[in-house]
Amino acid sequence: MGLSDFERRLERGVEGFFGRVFRSGVQPVEIGRKLLREMDDTRALSARGIEMARNVYVVVLAEEDFEQLSDMAGFLCDELVVELGAHARDHRYTLEGPLSVSIELDDHQRLGAVEIESHFVPSKVTSSLVLPDHSRRALGGSTITIGRHADCEVVLSDQNASRRHCEIRPTAGGYVLVDLGSTNGTKLNGAPCHEAVLQHGDVIVIGQSSLWFEQG
């Protein structure tokens with residue numbers, strides 16, 4: 001996933017997006033680039049040698065720039081979270097909590113300038129996945145991949161599961177189950193599922209294996 005995909009999603013989600021004229025020169029794609037750079041520049045190495053990335057980002061704009069984006073701010077922030085999440089996965093960064101992006105105005109900000117503030121904010125809620133052997137896998141701020149491949153965070157010994165079958169992604173709204181184009185599909189509470197926000201007690205079925213989501 002790259003910024004070209006980001007641009008295409010913006011065009012689909014915001015009618016006439018590329019026909020807009022941003023007087024100050026502030027472009028959503030440039031905001032995306034600055035966020036990715038901020039994630040890279042502020043990453044830190046933990047005592048165990050794990051690269052940790054910040055998970056809360058604030059985009060600070062001048063009032064006029066803020067007003068130009070106000071009608072698409074919610075959609076834009078959601079797409080920026082998707083972009084940051086993909087970047088973190090590609091670079092194997094670990095997050096302490098769900099990703100979030102917000103846009104704020106500052107009366108003292110220069111027109112056309114984009115300032116990024118970022119923070120480490122650990123998740124306050126501990127959720128977990130109960131595996132087929134009844135052990136528990138804690139869910140934090142990083143995406144969990146489930147499948148037969150040895151590189152998956154949760155490895156299933158199930159021939160009906162794909163090598164990389166599905167993911168559980170942390171978001172600002174909770175954990176999201178996403179099927180990765182698996183051969184036999186993923187079921188949530190007995191129904192086929194491509195993508196859904198998980199609720200406490202949900203049952204995920206992958207091949208012949210059942211997993212339970214517990215919200216802490």
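Which helices and strands each supply at least two residues of the lining of the largest pocket? In this predicted model, the answer is a set of four: helix α4 (73-90) and strands β4 (94-95), β5 (100-105) and β11 (166-171). Of these, α4 gives the most to the lining, with 10 residues.

The pocket itself holds about 880 Å³ of space. Its lining is made up of 33 residues, and the ones that lie nearest the centre are Gly-85, Ala-86, Arg-89, Thr-143 and Arg-169.

Next come the strands around β17, which covers residues 209-214. In β17, the covered face carries Ser-209, Leu-211 and Phe-213, while Ser-210, Trp-212 and Glu-214 sit on the uncovered face. Strand β17 has β7 (residues 127-130) as a partner, running antiparallel to it and joined to it by 3 bridges. Another antiparallel partner is β16 (residues 203-206), and here 4 bridges do the joining. Trp-212 shows up in both pairings: it is the bridge partner of Val-130, and it is also the bridge partner of Val-203. Strands β16 and β17 form a hairpin with 2 residues between them, and in that hairpin Gly-207 takes a positive phi near 60 degrees.

That leaves the cysteines. A disulfide is a covalent bond that links the sulfur atoms of two cysteines. How many disulfides does the structure hold? The count is 0. Take Cys-193, which is in no disulfide: the nearest cysteine sulfur belongs to Cys-166 and is 8.8 Å away. For a disulfide, the two sulfur atoms would have to be within 2.5 Å. Is Cys-193 buried or exposed? Cys-193 counts as buried, because its relative accessibility is 12% and the cut-off for buried is under 20%. Cys-77 is buried as well, with a relative accessible area of 10%.

How values were computed:
Residues numbered from 1 in each chain as written. Predicted model: local features only at pLDDT ≥ 70, side-chain atom pairs only at ≥ 80, totals over all residues. Heavy atoms only, no water. Buried < 20%, exposed > 50% of the residue type's maximum accessible area, 1.4 Å probe, protein only. 1 Å grid on protein atoms, 1.4 Å probe; cavity = no way out; pocket = protein on both sides within 12 Å on 5 of 7 lines; lining within 4 Å. Points joined across faces, edges and corners; volume = space filled by probe spheres on them. Pairing = 2+ DSSP bridges.
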